[in-house]
Amino acid sequence: MFDRINHLLRAMGEIGGAKQVVATADFLQEYVVKHFAAEEEQMALHEYPGMAQHKEHHEYFRGQVEDLRQRLAEHGPNEKLLIEAQELLVNYLRDHILQVDMLLGRFLKEKM
Ligand SMILES: [Fe+2]
């Protein structure tokens, strides 16, 4: 769990300059595709009781990332989108990884 948080923060720190917003959006897209699928597979496999609610969170963030990428494609990289991309990443860390994923992590740890 903490590896993932570190990975997110490292990615933010490594990205710099005008391309930051594009790289952040690409990173978020790759993250939601890979990690959400892996988590959802584990939840189904272990019949996680909070699966429906957790998947709703994933859907919400998938939608947010998709929306960001669409606006980026339409308008190109700009300061406003950069701030929104960073806010999305920070909100995801605070609202999802540190809360929803923590609960799943505890559940899976008890199962193993
Ligand atoms: Fe999750």
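Visitor: How big is the largest pocket?
Guide: The largest pocket has a volume of about 160 Å³. A pocket is an open set of points on a 1 Å grid over the protein atoms alone, where a 1.4 Å probe fits, with protein on both sides within 12 Å along at least five of seven lines. Its volume is the space filled by probe spheres set on the points, which are joined across faces, edges and corners.

Visitor: What sort of model is this?
Guide: This is a predicted model: local features need pLDDT of at least 70, side-chain atom pairs count only at pLDDT 80 or more, and totals for chains, interfaces and linings use all residues. Residues are numbered from 1 along each chain as its sequence is written, and side-chain values use heavy atoms, with hydrogens and water left out.

Visitor: Back to the pocket. Which residues line it?
Guide: The lining is Y60, F61, Q64, D67, L68, R71, E84, E87, L88, N91 and D95. Lining residues have an atom within 4 Å of a point. Two elements, α3 (51-75) and α4 (79-111), each give two or more residues.

Visitor: Which element gives the most?
Guide: That is α3, with 6 residues.

Visitor: What classes of residue are in the lining?
Guide: There are 4 nonpolar, 2 polar and 5 charged residues. Ala, Val, Leu, Ile, Met, Phe, Trp, Tyr, Cys and Pro count as nonpolar, Asp, Glu, Lys and Arg as charged, and the others, Gly among them, as polar.

Visitor: How far does α3 reach?
Guide: Its 25 residues reach 36 Å from first C-alpha to last. That is close to the 36 Å expected at 1.5 Å a residue. The expected span is 1.5 Å times one less than the number of residues.

Visitor: Which residues of α3 are buried?
Guide: H54, H58, F61, V65, L68 and L72 are buried in α3. Buried means under 20% relative accessible area, exposed over 50%, partly exposed in between (1.4 Å probe, protein chains only). What covers them includes α2 (20-45) and α4.

Visitor: Why would buried residues sit a few places apart?
Guide: An α-helix has 3.6 residues a turn, so residues three or four places apart point the same way.

Visitor: New topic. Is E40 buried or exposed?
Guide: E40 counts as buried because its relative accessibility is 16%. E40 is in helix α2.

Visitor: What does E40 contact?
Guide: Leaving aside neighbours within four places in sequence, E40 is in contact with M51, K55, H58 and R62. Contact means heavy atoms within 4.5 Å. The side chains of E40 and H58 also make a polar contact (2.8 Å). A polar contact is a pair of N or O atoms within 3.5 Å; within protein, one must be able to donate a hydrogen and the other to accept it, and residues adjacent in sequence count only if both atoms are side-chain atoms.

Visitor: And V32, what does that touch?
Guide: V32 touches A37, R62 and V65, not counting residues up to four places away in sequence. At 6% relative accessibility, V32 counts as buried.

Visitor: Where is E47?
Guide: E47 is in the loop between α2 and α3. E47 is not a glycine, yet its phi is positive, about 50°. Most residues other than glycine have a negative phi. E47 counts as exposed, at 68% relative accessibility.

Notes: Helix = DSSP H or I, 4+ residues; strand = E, 2+ residues; numbered from the N terminus.
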